[in-house]
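Subject: Structure for you, with notes

Hello,

Please find the structure below. My notes come after it.

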Amino acid sequence: MDWRTKLLNPAPLARRDYASLATPVYRGSTVVFENQAAVNDDWQQAEKGYSYGLYGTPTSLELSARLAQLEDARHSFIVPGGQSAIALVYMAYCKTGSHALVPYSAYGPNKEMAEGLLRGFGVEVEAYDPLIGSDISSLIRENTTLIWCESPGSVTMEVQDIPAIVKAAHTKGVSVALDNTYAAGVLFDAFAFDVDVSIQALTKYVGGHSDILLGSVSVRDEVAYSAMGPIYRQLGLAVSPDDCSLALRGLQTLAIRLDHLEKSTLQIANWLANNEHVEKVLHPALPDCPGHELWKRDFTGSASVFSFMFKDNWSAKQAEAFVDALEHFKIGLSWGGVTSLAVVYPDLVRPGKDFKGRLVRLNIGLETPDDLIKDLASAIQKATAG
Ligand SMILES: Cc1ncc(COP(=O)(O)O)c(C=O)c1O
């Protein structure tokens, strides 16, 4: 054999029976078949065997199977991010002429997609009050195919009455999709509440270290699985095995991170709730949060992201000065990682509400909470001095 051919000879030379405890990273697009008769080009690799890296490798399908087991799902599709998870759900459930409902507290780019791409495709997406509960029935039309929920909502943290919404939707044959990122897929048991599809930005708690972008779309049953799979294939939502490997690592510490973050976050939220400069704290476990009673009824815990509002004697400029004065808290938009973050939402659109640039969102990380409290106190003092 010429040395050039040797370079390309794919036959394995090393043993392949390494029983690694950690899931290996399979970087591969192309599957080699035993013979022509064995060739298959199906996305259902878990059932029908490996066909092509786009529909999963042993690394991404391990992540998929672990998430499905954790969430009691029929299957979890792994996608490049939380936003592509949202896109996949819209594409699977809506077509030209469809009507969908999305809470106005939903993640911003979800609503942007509704008003942008989907409107262009002739899909009408209507925003609804996240606290509507069973009255959602009155918004369901003949052509309604999908109701989105996100609980608690992004930034304003409204907890939704998911059982009431699911009941109203299913009575009229409409499917319900939930953005379950806050609950990391575990603090709210989506499928026990009969939600049809539960998505997560794995970027947040499952990844847990701000170093990957990844998402999941978990489906409850065979009907949702068959609706989603072909669209997943058509959109070609490839994921990196390296990112999946980091998500698998993140899963191993998810429980201890969530437990620790819940305690630290509650300590800080309670400190803020008692601060003379703070009007209210929007944390699902605190009574000022809209839907707090529903959180107590339906959730098994709380996470690390919440918002608070400075009193009305604070200006938007002071809220900005407060964030700029923080030292341990970094200024950033994401959450769920190990570092504390703060950001002001100056242009938050919520019908009938004007936060006047006084709403700040925090993500609590793994720093010692007493240090974070000192940081908040010192930044409040700097923002109010002079
Ligand atoms: C609630 C929620 N859903 C979805 C996303 C989108 O996730 P990704 O950044 O992985 O696309 C985010 C990101 O901030 C989010 O906060």
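Predicted model: local features only at pLDDT ≥ 70, side-chain atom pairs only at ≥ 80, totals over all residues.

Residues are numbered from 1 along each chain as its sequence is written, and side-chain values use heavy atoms, with hydrogens and water left out.

Domains

The protein is divided into domain 1 (23-249) and domain 2 (254-384); these bounds come from an automatic or database domain assignment. The centres of the two domains, taken over C-alpha atoms, are 28 Å apart.

Interface

In domain 1, 30 residues are in contact with 35 residues of domain 2 (contact means heavy atoms within 4.5 Å). About 2800 Å² is buried between domain 1 and domain 2, and carbon and sulfur atoms give 64% of that area. Buried area here is the accessible area (1.4 Å probe) that two parts lose on being put together, summed over both. On the domain 1 side, Val155, Leu187 and Tyr205 lose the most area to domain 2, together 27% of what that side buries.

The rule finds one salt bridge across the interface of domain 1 and domain 2, a salt bridge being a side-chain nitrogen of Lys or Arg within 4 Å of a carboxyl oxygen of Asp or Glu. The side chains of Asp161 and Arg297 meet in a salt bridge, at 2.8 Å from N to O.

Ligand

Which residues are closest to the ligand? They are Gly82, Gln83, Asp179, Thr203 and Lys204, out of 13 residues that surround the ligand (a residue counts if one of its heavy atoms lies within 4 Å). For Gly82, a backbone N or O atom lies 2.8 Å from an oxygen atom of the ligand. For Gln83, a backbone N or O atom is also 2.8 Å from a ligand oxygen atom. Lys204 uses its side chain, with a polar atom 2.7 Å from an oxygen atom of the ligand. Taken alone, the ligand exposes 390 Å², and the protein buries 89% of that (accessible areas by the Shrake-Rupley method with a 1.4 Å probe).

Regards

Notes: Polar contact = N/O pair within 3.5 Å; in protein donor to acceptor, adjacent residues only side chain to side chain.
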